[in-house]
Structures are given as structure tokens and as C-alpha cells.
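Please read them with the structure open.

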Amino acid sequence: MAERFRSFGLATPPAPRAIQADDAIALLKAGQAGEASLLAYGNGRSYGDSCQNQAGAVVDMRCLNRIRGFDAMTGVLEADAGALLSEIIAHAAPHGFFPAVVPGTQFVTLGGAVANDVHGKNHHRRGTFGCHVESFTLLRSDGKTYRCSATDNPRLFAATIGGMGLTGLILSASIRLMRVPSLDIVEKATPFRDLGEFFDIAEAADQANEYAVAWIDQLAGGRRSGRGLLFAGNHAEHGSHTAARAGGNLSVPFQPPFNVLNRPFLTVFNAAYRWKKGRATAPRQTGYQGFFFPLDGVRDWNRLYGPNGLFQHQSVVPEEAARIVVPELLAAARRAGQGSFLTVLKRFGAVRSPALLSFPRPGYTLTLDFPNRGAATLALLGELDRITIAAGGAVNPYKDARMAAATFAASFPDWPRLEALRDPLFMSDFWARTAGSIDLRRRGAEAAE
């Protein structure tokens, strides 16, 4: 059973033990859970070890998936933490509502979206997922269930949004959805020759559109370096109000013994993708799944990276540094001979999250996926960390499986405030590896004094 409880990157060991949500709830209410023994596990779409707990057990939350209520006048929906975004979309769509923020997959749980404070293609307008959380119920190790909102238990509210599951067990949440004219998207693709041209048009695209994101041909060098496509979109005035069946008919049924997404494949893929998507620059109406969740159409696509899995690196750098730093990050990957299958660049706006720790902040965010080739890949990721932190940026923790404690501390200097509110019975491999090691060193220094 534990093999199912892996991170999506497949580069970290699966959880050695998993228990059902009802059993974890019973343990917490009876005061029988051990220190650092629990961590909520949603649907396993985190790329690294923020969803793993090798020292204890992960709690399977998918069985708690009921949609408890929906107000079709206000768009406020309440659901159990294990409900998937795909289920929420299907429930609200006939009433003309859609989640205000969606990540790159609809197969994340509501609790996971809250705990990671996920973001989407419209951060410049709507901020993060946490900006639209009305309240949630949280079960802690004292056996009590807390209702948390901006006014009720506000410190726990802020620490739990973006708190990566470390403040307790989110049982249910109430979120405010966004009214939309239809689920369909009117999409426009704009080719750009290089990153300079992208930066010249990015802010205007954000101002004119609900959604904006760029695809970069990461392998292109020389005069073609930084070329790509900027996709902008808005909900269509006339389109479907019925959610399509989640997921597609395609799948990767078994684990290939090697990385299929190698450099020759990526070179051909990038050229074909740029030609297909960039040849039609007139706006076109498309379904929401293809626009928001293109990879959901291929089940288990992460298997294509081979048995060693993949590492994802997502960084954000201040707007004033981006024109220098983003090309530097791409150049570092090319020098290392590493090809990224998905290379995404977008602009974060200034909408503040209520979260104590939240990855998005004003600037530009670059996402890269690399097959796990051992030491060479880890060295590249370390170099990308160095470039990011030197520019005053941050590295995304819920996409990470290996960042150093110093990188985390530089990205999130307020981490001790989350540690102060962390429930002692909850722990993740990520937190133990980063904040936990900082804490141990600090206690040792204090003892020596």
C-alpha cells in the first residue's frame, strides 16, 4: 500500500507507512499519536518530500471527499479536505462558478491546495489560493478541532495556509469561487524572439488578461536563446457550463527502464510545439482542461522520466532583477547539458497572501523539470539555488526534494514563526531536512553559550 504514497517526482522514497484519516483522527482525539508521527497526504501531486514522513506515517485524506455545501448566490463552497479540485469544478460549473485560482493540475486535494497555498496563471489578479479561503477546520494534537479564519484563530489561519500540513490535520475548508461566464477560455498565443521581448510584453499581457503564462524553448541557444510563446486567456462569454470528464484516455501504463524525455526527444518536441502553438496567433476558444491542465490528459506522465524520477525547480526573482537572472538560470541549465521538458515563465503580481509562508511574491517565476541523473543534476539545482538567492529570490518548497537548509532560510526568513505554531505531532521529510537542521544547529549554539 505504501508504494502508492509517493511524491509526484518519484525521486524520493515512498512513505513507509500510511494510515486512514479516520484512524488518525481517532489517535489525535485520544491523545495517542507520537511526536512527529503524522503528516496529511492528499493526492500525491507535490514533486518533492514535503508530502513524505519517513519517520512516521502519512495520513490518507482522500476518503474525506464530501462536498458539504455550496451557495450558488455567493459562490462559497465547503468541502472535506480530500475533495479534488476536479470534483469542486464539476460541482460548481453548472452554477457559473470556477475556482479563483487553480494550479497546473486539477488532481490536487482541497487540503493540499490550502496547505501549499498554490498559485496559478492569474496571480497578478487573484493572488494565491489562500486569498480565497474563507475558513477551515483544523484538528490538533490537543484533540480539539479549531475553526480558523481571518478573525477566528487568525494565527493558526495564517500558519496553516502555506504551512505544508505542519499545523495539524485540515478536515474541511470553505472557499469563495469566482463567477465566470463559461468554463471555456479564449486563448491567444504570441511568439517572442527572446526573453527581452517577453519582458517587454509581459506586464501589458497581465493587465489585459485574466490569465497569462509563457512557455520557453529551454534548449535554444545563441540568437534563439529565450524564445518562446506567451499564452494569454480569458473566460469565454459564450461557452460550456459543464465540466468535462477529468483526465484523458491516454496513460503511461508502466515504468520505462530509462528516461524517455531525453535531449533528442526534447529538441524535436520543442520545435514541433512551437510550430503548432505559434502558427495561429488569432484568439481561439478552447476547453478549460487543455488550457489549465494539459498534462492531466496523460495519466502517470511522470513515469516517462524513468525509474530515477525527476526534480522540479521553481524560483521567483524580483522584477528588477529578472532580465538578468532568468537568462542566467537558463544558461546554467544549458551549460550543464540538462534539458527541461516543461519550462514555464510567468509574472507574479502584488496581491498579498494571508499565509505566514507563501512562495509567490512580486517578480518573475521560472519552473524547470529535469530528469534525475544523480550528482550532476543535484549540482545544477544547487547552482540554480545560488543564482536565485543571490538575486534576492526564493525557491519553492513544495516543488523541492533536496534544497539546503540555508536556501530555505534565505527564501523564507519567517520560518521560525511557522515552527512556533507547528503541531509537535506533525512532521515532513522536507521540514526535518531544512528547518529541523537549522533548529538543531541553533540549539547546539545556544547550549554552547
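1. Start with Leu 425. At 12% relative accessibility, Leu 425 counts as buried, where buried means under 20% relative accessible area, exposed over 50% and partly exposed in between (1.4 Å probe, protein chains only). Leu 425 sits in the loop between helix H12 (415-421) and helix H13 (429-433); helices (H or I, at least four residues) and strands (E, at least two) are DSSP runs, numbered from the N terminus. Its C-alpha is 6.1 Å from that of Leu 38, although 387 residues separate the two in sequence. Not counting residues up to four places away in sequence, Leu 425 touches Leu 28, Ala 33, Gly 34, Glu 35, Ala 36, Ser 37, Leu 38 and Ser 141, contact meaning heavy atoms within 4.5 Å.

2. On the basis of these notes: this is a predicted model, in which local features need pLDDT of at least 70 and side-chain atom pairs count only at pLDDT 80 or more, while totals for chains, interfaces and linings use all residues. Residues are numbered from 1 along each chain as its sequence is written, and side-chain values use heavy atoms, with hydrogens and water left out.

3. Helix H6 (residues 195-208) has 14 residues and reaches 20 Å from its first C-alpha to its last, close to the 20 Å expected at 1.5 Å a residue; the expected span is 1.5 Å times one less than the number of residues. H6 bends by about 35° at Ile 201, the bend being the angle between axes fitted to the seven residues ending there and the seven starting there. At its N-terminal end H6 is capped by Asp 194, with a side-chain oxygen 3.2 Å from the backbone nitrogen of Gly 196.

4. Which residues of H6 are buried? They are Leu 195, Phe 198, Phe 199, Ala 202, Ala 205 and Asp 206. An α-helix has 3.6 residues a turn, so residues three or four places apart point the same way.

5. The side chain of Arg 347 makes polar contacts with the side chain of Asp 206 (3.0 Å) and with that of Glu 319 (3.5 Å). A polar contact is a pair of N or O atoms within 3.5 Å; within protein, one must be able to donate a hydrogen and the other to accept it, and residues adjacent in sequence count only if both atoms are side-chain atoms. Arg 347 is buried, with a relative accessible area of 16%. Beyond four places in sequence, Arg 347 touches residues including His 124, Glu 203, Gly 363 and Tyr 364.

6. Gly 349 lies in the loop between S18 and strand S19 (363-371). With a relative accessible area of 7%, Gly 349 is buried. Leaving out residues up to four places away in sequence, Gly 349 touches His 123, His 124, Arg 361 and Pro 362.

7. Two backbone angles deserve a look. Asp 117 has a positive phi of about 45° although it is not a glycine, and phi of Asp 300 is near 60°, again positive in a residue other than glycine. Asp 117, in the loop between helix H3 (110-116) and helix H4 (123-126), is buried at 1% relative accessible area. Asp 300, in the loop between strand S16 (298-299) and strand S17 (310-317), is partly exposed at 37%.

8. Leu 310 and Thr 12 are 298 residues apart in sequence and 9.5 Å apart in space, C-alpha to C-alpha. Among the residues that Leu 310 touches, leaving out those up to four places away in sequence, are Phe 8, Gly 9, Tyr 47, Tyr 305 and Phe 370.

9. Thr 167 is placed in the loop between helix H5 (154-160) and strand S9 (169-176). Thr 167 is buried, with a relative accessible area of 1%, and its side chain makes a polar contact with the side chain of Thr 160 (2.7 Å). Outside four places in sequence, the residues touched by Thr 167 include Leu 138, Arg 140, Leu 418, Leu 421 and Asp 423.
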